[in-house]
Every structure is written in C-alpha cells, then in structure tokens.
Amino acid sequence: MDAFTPQQTTELLSRIGCKKAHMRLDKLFINSCMTGPLLGFGCAVMTSTQAAEWYQGNAPGLIRTISATFFPVGLVMIVLSGSDLFTSNIMFMSVAFLNRRVTIVDLLKNWVISFLGNLAGMLFFMAIVTGYGGVFDMAAYRTATINFATEKMLTPQWHQIMLRAIGANWLVCFGVFVSISSREIVSKIAAIWFPTLTFVALGLDHVIANMYFIPSAIFYGHPDIG
C-alpha cells in the first residue's frame, strides 16, 4: 500500500503543527476564515437534503445517512486547499506540543485564532450566501433548518452534546490523519469521506458545523433560540 506508516504520519503531524505555530497571525486568521465557507457548503447541502418531510417522519435514519453522504465535501475542500480548521488544528498543535516543538502559548494562540476565524467565515457564509442569498427561502427548507437546530441544541442535555462532540472530532481527526498518510488525491478524499460520513450519520456534534446550523435557525426565526 502506497502510504506513510502511522509513525511517519505522526511525525508529519508534528511538523505541520510546528509550521502552523510559526505562521503569521494575520495569515492564520484569513486561512481560518476561508475554512468557514468551505465547510458551510457541506452544511448547506446537508440542510437541503434534510428538507424531505416524508423521510423525516417515516425513515429518519435513511435521510440522515443520505445527507451524511454529501456533507464530507466540505472537509475534503478544506484539507485539499490547506485551510485551517479549528478541530484538526487541535490535533496538529497537540502532537507538536507533545513533541516539544511548540510552546503552550503557541498552541493556545493557534486554537483561539483558528476558532475565531472559522466562526467569522462561517457566519459570513451563512448570512450572505445562504441567508440573504435566499437559498433556503422555501418553507420546507426553513422548517428543516429550525427542526435540525432543535435536535442539535435543545433536545439533548449539555453533557450529551459534549460527548457527541468528542466522538465527532475523534472521527474528523482520524480522517485527517489517514488523509495525511495517503500519497495521492483519490486516497486522501476516500480517507476523509468515510469517517466524516460516519459521524454525521450518527448525529454527532461538530463545533464548527454547528456554527452554521444554529445561526441559520436564528436567522430564520427559531422561536426558542436567540
């Protein structure tokens, strides 16, 4: 198999984390802002697919799996373009820190800036492209957006959201890890696609994806959020 070993891949992760630690802060922020819209496209496709009322009532597991099939396009674009995703930066910076290549200040600085950049980019995409752009102006899309946010934010208890987030980032980081071990594009895409599909199909929570879903529900007038 034409791929790096897990040991070699871990070394690559450490080097990537070291490189990110020395990136100019303005470049890191802009690179993180670019991530928001890329993941937002995947979130928007998922929302569009979820707007199938019959399936929601009669085959919720099936429609969740179908929508999960398309969501990974966002993470694929992020990884292939080299944009900065907060949740994968947690892995890069942690590995570099454990290898003593970066300091705790470098780690925290990267996490804070990439988080804020992801938030800014996602809110821009949600408001300007799908919001004021009228992509989901039809009643069925609005209803799907509001119902999905209810399922994400109001139905589960706080500890359930946290535990689901752990599961989601476990799979996201695994997908990124395996994509880095791959040497060519098709393998990288496959490595990202299936773990990402799995976490979405299970209904786990990804913090950056929720930066799209929750504000979208607020934008469309969710009665209990905002």
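This section describes the aromatic contacts, the nonpolar surface patch and the cysteines of a predicted model.

The structure contains ten aromatic pairs. One of them joins Phe 86 and Phe 115 in an edge-to-face arrangement, with 5.2 Å from centre to centre and 80 degrees between the planes. This pair connects distant parts of the chain, since Phe 86 lies in helix 6 (residues 86-98) and Phe 115 in helix 7 (residues 104-131), 29 residues apart. Phe 86 is buried, because its relative accessibility of 14% falls under 20%. Phe 115, by contrast, counts as partly exposed at 27% relative accessibility.

A further aromatic pair is formed by Phe 136 and Tyr 141. Its geometry is tilted, the centres being 5.3 Å apart and the planes 55 degrees from each other. Phe 136 has a relative accessible area of 3% and is therefore classed as buried. Tyr 141 is partly exposed, with a relative accessibility of 22%.

Aromatic residues also occur in a cluster and in contact with a charge. A single aromatic cluster is made up of Phe 41, Phe 125, Phe 148, Tyr 212 and Phe 213. Elsewhere, the ring of Phe 4 has the charged end of Arg 183 over it, at 4.0 Å from the ring centre.

Helix 4 supplies the largest share, namely three residues.

The cysteines were examined for disulfides, and the count is zero. For Cys 18, which takes part in no disulfide, the nearest cysteine sulfur belongs to Cys 173 and is 19 Å away. Since a disulfide requires sulfur atoms within 2.5 Å, this separation rules out such a bond. Cys 18 is partly exposed, at 22% relative accessibility. Cys 173 is likewise in no disulfide; the nearest cysteine sulfur to Cys 173 is that of Cys 43, at 16 Å. The relative accessibility of Cys 173 is 12%, so this residue counts as buried.

Note on methods: Residues numbered from 1 in each chain as written. Predicted model: local features only at pLDDT ≥ 70, side-chain atom pairs only at ≥ 80, totals over all residues. Heavy atoms only, no water. Helix = DSSP H or I, 4+ residues; strand = E, 2+ residues; numbered from the N terminus. Buried < 20%, exposed > 50% of the residue type's maximum accessible area, 1.4 Å probe, protein only. Phe/Tyr/Trp six-rings, centres within 6.5 Å; stacked < 30°, edge-to-face > 60°. Lys NZ or Arg CZ within 6 Å of the ring centre and 35° of its normal.
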